[in-house]
Amino acid sequence: MGFRHTLIGVALFIFLFYFGLILSLFYFMGGKGFWHAWVNPYTLYSIRLSLVAATIATFLAIFIALPSAYALSRFEFIGKNVVDTILEIPMILSPIALGAAFLIFFNTPMGKLIQEKGIYFVFEIPGVILAQFATVAGLATRLMKASLDEISPRYEAVARSLGSSPWKTFYRITLPLSYKGLLASGILCWAKAVGEFGATVTLAGAMPGKTETMPIAIFTALASANIEKAVILIFILLLIGIGTLYSVRFIGKGYRYD
Amino acid sequence: MIKIEGLTIRLKTFEFSDFNLAIEKGEFHFLLGPTGSGKTLILESIVGLHRPRKGKIWIDGKEVQGLPPEKREVSYVPQDLALFPHLNVWENIIYGVKARGLQLKDYDSYIGDLISITKIEALLERYPARLSGGEKKRVALLRALASKPKLLILDEPLTGLDPSIKFEIQQLLKTLHSSFQPTILCVSHDFEEAYLLADRITVFIDGKVQQVGTKEEIFLKPSSNKVAQFLGLRNLYPVSSMAKDPDQRRWLLGVNGLLFSVPMVPDQREGEKWNLFIRPEEVMILREGKPVKESLKRNIFEGEIVDFMDRGRYNLVHFQSQEGNLLFEIHIPNYAFRNLDLWKGKKVRVALREESFWIIPH
């Protein structure tokens, strides 16, 4: 077997590995239990909660990530390397450790003050959003910085020399030139937020009809041997994942200004 | 008028200090220097992209070194042009007018004239990705000029172009300058470009201004060895002896045993080290039997033709003197070359005109 065939064979093996896994889910599809699980209000609630919380968390993350990414991409400042490294912590730290760190924080005097005078996060819906936000904010900054790095600062320099203020330059030049990358970053982060489990279950708990998101619902469904419900939710997550990958690829295709 | 005094910039990778420059209103000024000498950094400092450590910049009497780029009225055309790819040609052109909050109707006829001179009427709806290299240059120039900046800054505008496009853009720059008289500061490493376009040239080498002058002054009277070498000038020889001619109005300079009689210039003193520069265009190969002018008789040397080659616009001849074995490079116009009937090894006499000499501090 030649070099080329060996490598293609390995690629096909990986494909079949995942495809077989997905195919096995069909074994539990259909039947009375399956449809019963579909219309279960808790299942529908977990789907709704996951989508809404992930959307809010993603918007919050973008709100913070875009200016941070621009600063990291364009400016030199003291501590830039430290900030850059800290942003990667959510990517390398176990999500459960991240959630636990939040639980510990909310038991400190400052954390207690925030909960008492502001919003309750522990075992509450805002906790779901906070856990998802913490997981994706670093990633969003990293991805958006990569998109902004691709846009030559020369465009901005020329726009400034032509009389554009920094804000106007950002709005009229940087943003339109990088919007594809920024949009793709947002979609990827949203998908990651939808699938977030560890930090959410640790900080917000697994209360059906309250803080139970789709990944948590899969876990609890399996724990109570409700395979049909788990399969439905796995399929939904799978569709979201595949949809995300395709939309990111679609966004990246073609050049609008040709 | 643009004036820069004591400009000092220090970046992680590069620095220069105490840079001075003065550009008259409507002048086409070239900042000429080798690649990597920091010319672009100077331009970017004038645009406002780097804050100087020290020094002042005045644009039409207004001190601008502390102002952001958008408040300086300095338009900038970088080497890569940076045409905005998401805007079509027309949107690119009027970007500056809109960004400065100017009324487009006040600029209509001026922009119309610019469009007609740059011949881009048919391109206005196109996006930059669909323009050729020359078209992009024209659009970038027009965009920079459209809002009537007080200073137009061009970074290597002719670098990397095909010869035909280069010629076209050169002509366009000349036409734009003569038609609208913008004040232009252009950075280049190519003396030929500067010679064709500049009113005045600043030669910037090793982080320092070496010479400022008209193109003729720079080319014919380089102030130092560095300038001469940068300009690629040939026939530069270290002077080994220097004595006053009995009539006291000329130097007798010894180079490799040859004695050159050179007109005296006030700055030059005996005992200092000098280089003699002989301009290749000013050396004459004498035709046998033809009378020689009195003024040429002081500097006639015998030798032979070592080599020659056709350089298109002129012929390059290598001549080696019989005494001292000094090798000269001589540039001869094509018509003169044909009349001379030269071959390798041919014994000839050369005469050096008064204009062919220039003495440079060593």
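Glu73(B) counts as buried because 21 C-beta neighbours lie inside 10 Å. A residue is buried if 20 or more other C-beta atoms lie within 10 Å of its own, exposed if 12 or fewer, and partly exposed in between, with C-beta atoms placed from the backbone. This is a predicted model, in which local features need pLDDT of at least 70 and side-chain atom pairs count only at pLDDT 80 or more, while totals for chains, interfaces and linings use all residues. Residues are numbered from 1 along each chain as its sequence is written, and chains are lettered from A and ligands numbered from 1 in the order in which they are written.

Glu73(B) sits in the loop between β5 (62-63) and β6 (74-77) of chain B, and its phi is positive, near 60 degrees. Most residues other than glycine have a negative phi. Asp206(B) also has a positive phi, near 55 degrees, and is placed in the loop between β9 (200-205) and β10 (208-214) of chain B. With 12 C-beta neighbours inside 10 Å, Asp206(B) counts as exposed. Helices (H or I, at least four residues) and strands (E, at least two) are DSSP runs, numbered from the N terminus.

Lys119(B), which follows α3(B), has a positive phi near 55 degrees. Helix α3 of chain B, residues 104-118, has a kink of about 35 degrees centred on Tyr110(B); the bend at a residue is the angle between axes fitted to the seven residues ending there and the seven starting there. The buried residues of α3(B) are Ile111(B), Leu114(B), Ile115(B) and Thr118(B). An α-helix has 3.6 residues a turn, so residues three or four places apart point the same way. The buried residues of α3(B) pack against α2 (89-99), α4 (133-146) and α5 (163-180) of chain B. Two residues are in contact if their C-beta atoms, placed from the backbone, lie within 7 Å.

The two chains are set out below.

| Chain | Helices and strands | C-alpha box along the principal axes | Buried residues |
|---|---|---|---|
| B | nine helices, 21 strands | roughly 70 × 45 × 35 Å | 35% of 362 residues |

In chain A, 78% of the contacts between residues at least 6 apart in sequence join residues at least 24 apart. For chain B, residues 24 or more positions apart account for 66% of the contacts with a separation of 6 or more.

Within chain A, the axes of helix α3 (residues 41-74) and helix α10 (residues 166-194) come within 8 Å and cross at roughly 135 degrees. Axes are lines fitted to C-alpha atoms, for helices over the stretch in contact, and angles run from 0 to 180 degrees between N-to-C directions. α3(A) and α10(A) are therefore oblique to each other; angles under 35 degrees count as roughly parallel, over 145 as roughly antiparallel, 65 to 115 as roughly perpendicular and the rest as oblique. Residues of α3(A) including Leu51(A), Ala54(A) and Ile62(A) meet residues of α10(A), among them Gly186(A) and Trp190(A).

The contact between the chains takes 18 residues from chain A and 21 residues from chain B. On the side of chain A that touches chain B, α9 (153-161) and α10 give two or more residues, and α9(A) gives the most, with six residues.
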